[in-house]
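Here is a short briefing on one protein chain. Please look at the sequence and the model first, then read the points below.

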Amino acid sequence: MKNKIPTHKIGAESEAISKIILDNVELAKNHFEIIKKRFLDINSWELFAGKNKAKFTLRNQKGELILDPPQVGNYISIRVPLLPNKDEDHFDWVKIEVYEEEKKEDYEAIYIRLRPTSNPTNPSDEVTHFLDSTATSNFFIRRNGREISAEVYARNEVPNFEDKTLSEKIRNKAVALGGMLIGSKLQWEGLTDGLIRDEK
C-alpha cells in the first residue's frame, strides 16, 4: 500500500510514524480493531492528537457534518488553532480522494489520502486551504503480526497563493511554513501516538 503515496516533487515533506508491539497476535488483532475505530472516527481526531492541535470534522458534499465512516468524496473541514482561515466559517478544507482497506491472514491496513480542495458550501472552485492542491496527506494504520503502526506522510506542501488577498497570502504562508518546519510533524506525531496508544 505504501506505493500509493504520491511522489514528492516540490515544497516540503514530513513523516510521522508510531509503532507498538503487542505480546501476541490475538492481542494485536483486538487492539487493531480499537485503533481502526479511532482512525475512522475523524471527528474525534483532535482528542487523540492532543491539546492545541487542529480540529477535524467529516462532512458531506453539502458541507454538512456526518457521523458515518469516511469514504471517497467526503470532505473534512479543518480549524487551525491561532491562525484560522479568514473565510466566514474559518475552515480549511480537504477532500478524501483515496480510501482503501487490505486484509490478509497476518496483515491488515487502511489507507486514506487527503488533498486540499474548495469549500463545498461555496460555488467557487478556489482551493480553501493554506496549501495548494499539489499537497497530499497520506494516512495509514497497519497490523503486521504483533506490530501495529500509525503513519502519516505529507508530500508536496506548497503555500496556496492563488487568487488570494495579501492578508490571506500572509496567513497561508505563515501557517504553511509553520507546518512545513514543525507544526505538521508535531500535529501528525500527536495523532499517530494517540491512535495506537494501548490504554490498559
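Leaving aside its neighbours within four places in sequence, which residues is asparagine 43 in contact with? They are Phe56, Thr57, Leu58, Leu65, Ile66 and Leu67, where contact means heavy atoms within 4.5 Å.

This is a predicted model, in which local features need pLDDT of at least 70, side-chain atom pairs count only at pLDDT 80 or more, and totals for chains, interfaces and linings use all residues. Residues are numbered from 1 along each chain as its sequence is written, and side-chain values use heavy atoms, with hydrogens and water left out.

**Overall layout**
- The protein has 3 helices and 7 strands; helices (H or I, at least four residues) and strands (E, at least two) are DSSP runs, numbered from the N terminus.
- Along the sequence, the pattern reads β-α-α-β-β-β-β-β-β-α.
- Of the 200 residues, 52% are buried, meaning under 20% relative accessible area with a 1.4 Å probe and protein chains only; over 50% is exposed, and in between is partly exposed.
- Among contacts with a separation of 6 or more, 62% link residues 24 or more positions apart.

**Asparagine 43**
- This residue sits in the loop between α1 and α2 (45-49).
- Asparagine 43 counts as buried because its relative accessibility is 18%.
- A polar atom of its side chain lies 2.7 Å from the backbone nitrogen of leucine 58.
- The side chain of asparagine 43 also reaches the backbone oxygen of isoleucine 66, at 3.1 Å.
- Such polar contacts are pairs of N or O atoms within 3.5 Å; within protein, one must be able to donate a hydrogen and the other to accept it, and residues adjacent in sequence count only if both atoms are side-chain atoms.

**Helix α1**
- α1 has 16 residues and spans 22 Å from its first C-alpha to its last, close to the 22 Å expected at 1.5 Å a residue. The expected span is 1.5 Å times one less than the number of residues.
- Its buried residues are Ala28, His31, Phe32, Ile35, Arg38, Phe39 and Leu40. They lie on the same side of α1 because they cover an arc of only 165° around the axis, taken from the directions from the helix axis to the C-beta atoms.
- Asparagine 24 caps the N-terminal end: a side-chain oxygen lies 3.2 Å from the backbone nitrogen of glutamate 26.

**Nonpolar cores**
- A nonpolar core is a set of buried Ala, Val, Leu, Ile, Met, Phe, Trp, Tyr and Cys residues joined through side-chain atoms within 4.5 Å.
- The largest has 36 residues, and Phe39, Phe56, Ile76, Phe139, Ile148 and Leu191 touch the most other members. Helix α1 (residues 25-40) gives the most to this core, with 5 residues.
- A second, separate core of 5 residues includes Ile5, Tyr111, Phe140 and Tyr153.
- Leaving aside neighbours within four places in sequence, leucine 191 is in contact with Trp45, Phe48, Ala49 and Phe139.

**Strand β5 and its partners**
- Strand β5 (residues 107-116) is largely enclosed by the rest of the structure, because 9 of its 10 residues are buried.
- β5 runs antiparallel to strand β4 (residues 92-103), with 9 bridges; two strands pair if DSSP finds at least two bridges between them.
- A hairpin of 3 residues joins β4 to β5, and lysine 95 stands opposite arginine 115 in β5.
- β5 also runs antiparallel to strand β6 (residues 136-144), with 8 bridges. Isoleucine 112 has phenylalanine 139 as its bridge partner in β6.
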